[in-house]
Amino acid sequence: MVKTERITFTRWKDPRLALGVLLIAVPAIAGSFLMQGPETKAVYRANSAMVPGTTVEGANFAIVDVPVDLAEGFIGPSDGMDDRRIGQVIEQGQLLSTQILEADPVEAGYTHLVVPLVAPAPASLSQGSSAELWRIKSEQTGGDEASAERIASDLVIVSISSTDSMRIDQYGAEIQVTNSDVPDVLAVLGSSDGLVLAKGSEQ
């Protein structure tokens with residue numbers, strides 16, 4: 001008659017086994033928690049420089065994750081601020097904060113104009129740059145000499161036309177001016193005088 005041996009398994013109630021499992025599980029759980037990192041919030045980051053009036057929408061912003069303790073005051077998709085407009089210049093890579101949004105999204109207070117220039121804009125000017133607009137008065141047949149007059153000192157560059165796509169003697173720009181400056185700019189456009197963009201002084 002063949003003699004068989006009975007195989008027994010260690011029971012879970014063995015305190016030594018339970019302690020061993022605990023020593024392995026606790027570091028694994030703790031490591032998994034640490035690997036997750038801090039809680040984050042998705043916020044908007046500007047894809048490029050933008051001028052006041054730009055709408056908050058996905059095409060203009062990338063979405064990045066920022067630790068919650070650092071995200072206070074910054075706006076993301078979950079804040080329901082889409083279709084609002086920014087109220088000041090925002091630089092490329094800048095996070096969108098509540099301070100950048102217009103206080104009153106209805107009353108903008110500025111106008112976009114496309115103007116011809118009698119000289120190329122300074123190379124330091126680009127989208128979002130602050131600039132000045134000068135009126136160059138042409139010499140009159142009555143003897144008045146040509147002169148220059150600043151007609152807008154707080155405008156923002158929207159875009160500057162490339163001379164590659166224009167005649168060599170033509171330049172232009174799209175600018176954003178306050179509503180109070182619009183009549184002076186339009187008056188120049190209706191005259192024989194010219195316009196020149198200049199880099200505004202840093203505050």
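Visitor: Leaving aside its neighbours within four places in sequence, which residues is D181 in contact with?

Guide: Contact here is a matter of heavy atoms within 4.5 Å. This is a predicted model, in which local features need pLDDT of at least 70, side-chain atom pairs count only at pLDDT 80 or more, and totals for chains, interfaces and linings use all residues. Residues are numbered from 1 along each chain as its sequence is written, and side-chain values use heavy atoms, leaving out hydrogens and water. With neighbours within four places in sequence set aside, the contacts of D181 are I151 and A152.

Visitor: How far is D181 from the nearest side chain of opposite charge?

Guide: D181 sits in the loop between β6 and α2; helices (H or I, at least four residues) and strands (E, at least two) are DSSP runs, numbered from the N terminus. D181 is buried, meaning under 20% relative accessible area, with exposed over 50% and partly exposed in between (1.4 Å probe, protein chains only). D181 has no salt bridge, a pair that needs a side-chain nitrogen of Lys or Arg within 4 Å of a carboxyl oxygen of Asp or Glu. The nearest side chain of opposite charge is R150, at 9.3 Å.

Visitor: Is S129 buried or exposed?

Guide: S129 lies in the loop between β3 and β4. Its contacts beyond four places in sequence include L155, V156 and K199. Because its relative accessibility is 10%, S129 counts as buried.

Visitor: In what order do the strands of the open sheet run?

Guide: The sheet has 5 strands with antiparallel pairing; two strands pair if DSSP finds at least two bridges between them. The edge strands, each pairing on one side only, are β3 (110-117) and β7 (194-199). The order is β3-β6-β5-β4-β7.

Visitor: Which residue in β7 is the bridge partner of R135?

Guide: Strand β4 covers residues 130-137 and runs antiparallel to β7, with 6 bridges joining the two. The bridge partner of R135 in β7 is L195.

Visitor: At about what angle does helix α2 run to β3?

Guide: Helix α2 (residues 182-189) lies across β3, β4, β5 (147-160), β6 (171-178) and β7. Axes are lines fitted to C-alpha atoms, for helices over the stretch in contact, and angles run from 0 to 180 degrees between N-to-C directions. Relative to β3, α2 runs at about 25°.

Visitor: What percentage of the residues in the protein chain is buried?

Guide: The protein chain has 2 helices and 7 strands. It holds 203 residues, and the buried part makes up 28%.

Conventions. Lys and Arg count as positive and Asp and Glu as negative; His and the chain ends are not counted.
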